[in-house]
Amino acid sequence: MKNENLYNYILGIADNSLILGQRMGELCGHGPTLETDIACTNISLDLFGQVRSYYQYAAKIAGDDRTEDDIAMLRKEREYKNVLLVEQPNTDFAYTIGRQFLFDVYHLAFLAELQKSNDLTLSAIANKCIKEVSYHERFSSDWVKRLGDGTEESNQKMQAAINDLWTYTDELFHQTEADKAMVAEGVGVDVTQLKEKYYKQVNELLKEANLEIPESKWFQKGGKEGIHTEHLGYLLSDLQYMQRTYPNMEW
Amino acid sequence: MSNKKNWPLWEIFVRSKNGLEHRHFGSLHAADADMALENARDVYTRRNEGVSIWVVESKHITASNPENNGELFEPAQDKVYRHPTFYDLPDEVKHM
């Protein structure tokens, strides 16, 4: 492949949205209320819409007979480059909201920078996605505040979710080889530059939500390099079931 | 639905296009007005149905009593001359 760094870079962005979209999609028909069920499924569909643009572009860069569907559906676990945060399960609604919030704050800041990319396709995709993601960030921030500043029980559950998910936040700001190469070419976003603002914004919202900022300084990593938590394999077996069982089937 | 664990019910009004009036779209549950707006956005406008949303908590709506339908509405039924159907409207006037 001529431009392997760009290909890997696109997958790194797209896989985050694909895996988070699948997690949100799991709530279809299972959300805590009808209204939040529809809201979570909407977020899922937004994310799936976004990944189509990325994977179509990746397929074009790959330049062989791979299609967007092959790239999305037929890779093995170790070939997915999403961060560990987005593959964490829907343990309860506080985890769903906590995961979404911790990712949305990053995602919004990331897309704002990607709009400035000198790769016109990536900047156009970022431009299209940013309104959707602004809404996601508003939705998840509101819910963190509601649960954190709600009843004693909702506060405890939200705090537990934030405490458990905190260890996956630092990885958002790690650079892969593809990241470094793309930053050097003016294509990619230097995620290390987003870190300070991210924690400032997250910490302020946690305070407003009457939640403690976790003190743990030990962070998990590996997703970007394909080393995932146990949860991703189960998620992929759901996601890939149809394509694996009925190869090349179309909707 | 007087169970305290349920969120209150809200009536949702959506303006589907600039120039049109807000129309009643349905009702949904939400803990407060902000959440009602967000829920309405997701439940009723996700297929591009709207440009503006109003929410009103259902308890604030005063409704006529169906038992009074006779005195309220029947006297109007035989007064066809109260309808402006005896005028020719130009085609340019829409939404009358």
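## Strand pairing in chain B

In chain B, strand S1 (residues 9-15) and S2(B) run antiparallel and are joined by seven bridges; strands are DSSP runs of E of at least two residues, helices runs of H or I of at least four, both numbered from the N terminus, and two strands pair if DSSP finds at least two bridges between them. B:Trp10 has B:Leu28 in S2(B) as its bridge partner. The hairpin of S1(B) and S2(B) has six residues between the strands, and B:Gly19 takes a positive phi near 100° there.

## Basis of the model

The model is predicted: local features need pLDDT of at least 70 and side-chain atom pairs pLDDT 80 or more, whereas totals for chains, interfaces and linings use all residues. Residues are numbered from 1 along each chain as its sequence is written, and chains are lettered from A and ligands numbered from 1 in the order in which they are written.

## Contact between the chains

Eight residues from chain B and six residues from chain A form the contact (C-beta atoms, placed from the backbone, within 7 Å). On the side of chain B that touches chain A, strand S2 (22-29) and helix H1 (33-44) of chain B each supply at least two residues. H1(B) gives the largest share of that side, four residues. By class, this side of chain B has three nonpolar, two polar and three charged residues (nonpolar: Ala, Val, Leu, Ile, Met, Phe, Trp, Tyr, Cys and Pro; charged: Asp, Glu, Lys and Arg; polar: the others, Gly among them).

Beyond its neighbours within four places in sequence, A:Ala14 is in contact with A:Val51, A:Tyr54, A:Tyr55 and A:Ala58.

How values were computed: Two residues are in contact if their C-beta atoms, placed from the backbone, lie within 7 Å.
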